[in-house]
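Please look over this chain with me.

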Amino acid sequence: MTEAVLQLRNVTKSIGGRKIVDDLSFDIPAGEVFGFLGPNGAGKTTTIRMIVGLISMSKGEALIKGISVREHFELAMTHVGAIVENPELYKFLTGYQNLVHFARRHKGVTKERINEVVKLLGLQNRIHEKVKRYSLGMRQRLGVAQAILHRPSLLILDEPTNGLDPAGIRELRDYLRKLTREEGISVIVSSHLLSEMELMCDRVAIIQAGKLVDIRSLQEARNSIQSKIVIEAGDILAARELLSAIFDASRITLNGHLLEIAADKAAIPDITRLLVSSEIDVLGIQAAQKSLEEQFLEMTGGEMIV
């Protein structure tokens, strides 16, 4: 089994008697892009702040490469690179000068390593320009470059796509994948947008009101997407009554003027023949799937922003 880069054990944060984060526990292995997914205010940023030591834990433990954040904070942080909210950059300096300045905070970061990171993040053409001329996407990439200079095992990004256009989001996603593949880094990404996390992450922890709802492999979630048949008929109530005779009632849902049946598309010819033979007009019938969005909305009671 792959060694866990990050282990959270019953991590809790209480402020004024209210639990902001409530008993979170999970592991993140090496080389995985792991998502914190939940509505705004779910406790994602608070959890990240506890992991990187910006705020204390009320209870529990975080271990990075087996090192306790509580007991050996400085040693644990040598394995972490993080951008919480926005990357801290000097806009009056060039991208390269920013990297050199940041490299001085860590032992063993050579000129060769700086050039390697510049190439890895695709910054070669603009690295000697002043940061004030960079787009938001370029600044995010430079921030990631700073965060991985010292070869951390864990990279933490809090809402990294805020303000990025679709091209910037795609660029960031591609570079994060490249980091896990070429550097073996584990990446934590927090977001309230399922559409982004679906393309970016291997697994997601779904958090709501500070509690862990579930941890899902996105590939498994895709594989388990349910098929359904959507029917528009002249007499929708008569169609429901007729189809209840051959399908379990729990598989049939009346959604406005449409009837939805949890069934594979192979059932469409039989359903059509049955309705027509019973003189019920079929205005439309098609196969559809319960999307990832619908699955996650069901899990969070409709609160997920997607």
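Q: In which hand does H3 pass H5?
A: In this predicted model, helices (H or I, at least four residues) and strands (E, at least two) are DSSP runs numbered from the N terminus. A crossing is left-handed if the near helix is turned anticlockwise from the far one by less than a right angle, and right-handed if clockwise. The crossing of H3 over H5 is right-handed.

Q: What basis do the numbering and the values have?
A: Residues are numbered from 1 along each chain as its sequence is written, and side-chain values use heavy atoms, with hydrogens and water left out. As this is a predicted model, local features need pLDDT of at least 70, side-chain atom pairs count only at pLDDT 80 or more, and totals for chains, interfaces and linings use all residues.

Q: At what angle do H3 and H5 pack?
A: Axes are lines fitted to C-alpha atoms, for helices over the stretch in contact, and angles run from 0 to 180 degrees between N-to-C directions. Angles under 35 degrees count as roughly parallel, over 145 as roughly antiparallel, 65 to 115 as roughly perpendicular and the rest as oblique. H3 and H5 are therefore roughly parallel. The axes of H3 (residues 95-103) and H5 (residues 136-148) lie 9 Å apart, and the angle is about 25°.

Q: Which residues of H5 make the contact with H3?
A: Contact means heavy atoms within 4.5 Å. On the H3 side the contact is made by Gly95, Asn98, Leu99 and Phe102, and on the H5 side by Leu142, Ala145 and Gln146.

Q: Which residues of H6 does H5 meet?
A: The axes of H5 and H6 (residues 166-182) come within 11 Å and cross at roughly 20°, which makes H5 roughly parallel to H6. H5 passes H6 in a right-handed crossing. The contact divides into five nonpolar, no polar and two charged residues. Arg141, Val144 and Ile148 of H5 meet Glu171, Leu172, Tyr175 and Leu179.

Q: Which strands are at the edges of the six-stranded sheet?
A: Two strands pair if DSSP finds at least two bridges between them. The open sheet has the order E6-E7-E8-E3-E9-E10, with mixed pairing. Each edge strand pairs on one side only, and these are E6 (80-83) and E10 (211-217).

Q: Which strands of this sheet does H5 touch?
A: E6 and E7 (residues 154-158) pair in the parallel sense over four bridges, and alanine 82 stands opposite isoleucine 156. H5 packs on the sheet with its direction at about 160° to that of E6, touching E6 and E7.

Q: Which residue in the turn between E9 and E10 has a positive phi?
A: E9 (residues 203-208) and E10 pair in the antiparallel sense over six bridges. In this pairing isoleucine 206 stands opposite aspartate 214. The two strands form a hairpin with two residues between them, and the one with a positive phi, of about 50°, is alanine 209.

Q: Why is one side of E2 left without a neighbour in the sheet?
A: Four strands form an open antiparallel sheet in the order E2-E1-E4-E5. E2 (18-29) and E5 (67-68) stand at the edges, so each has a single partner strand.

Q: What is the radius of gyration of the chain?
A: The chain comes to eleven helices and 14 strands. The radius of gyration is taken over C-alpha atoms, and the globule rule is 2.2 Å times the number of residues to the power 0.38. For 306 residues the rule gives 19 Å, and the chain is well over this, so it is more spread out than a compact globule, at 24 Å.

Definitions and conventions. Ala, Val, Leu, Ile, Met, Phe, Trp, Tyr, Cys and Pro count as nonpolar, Asp, Glu, Lys and Arg as charged, and the others, Gly among them, as polar.
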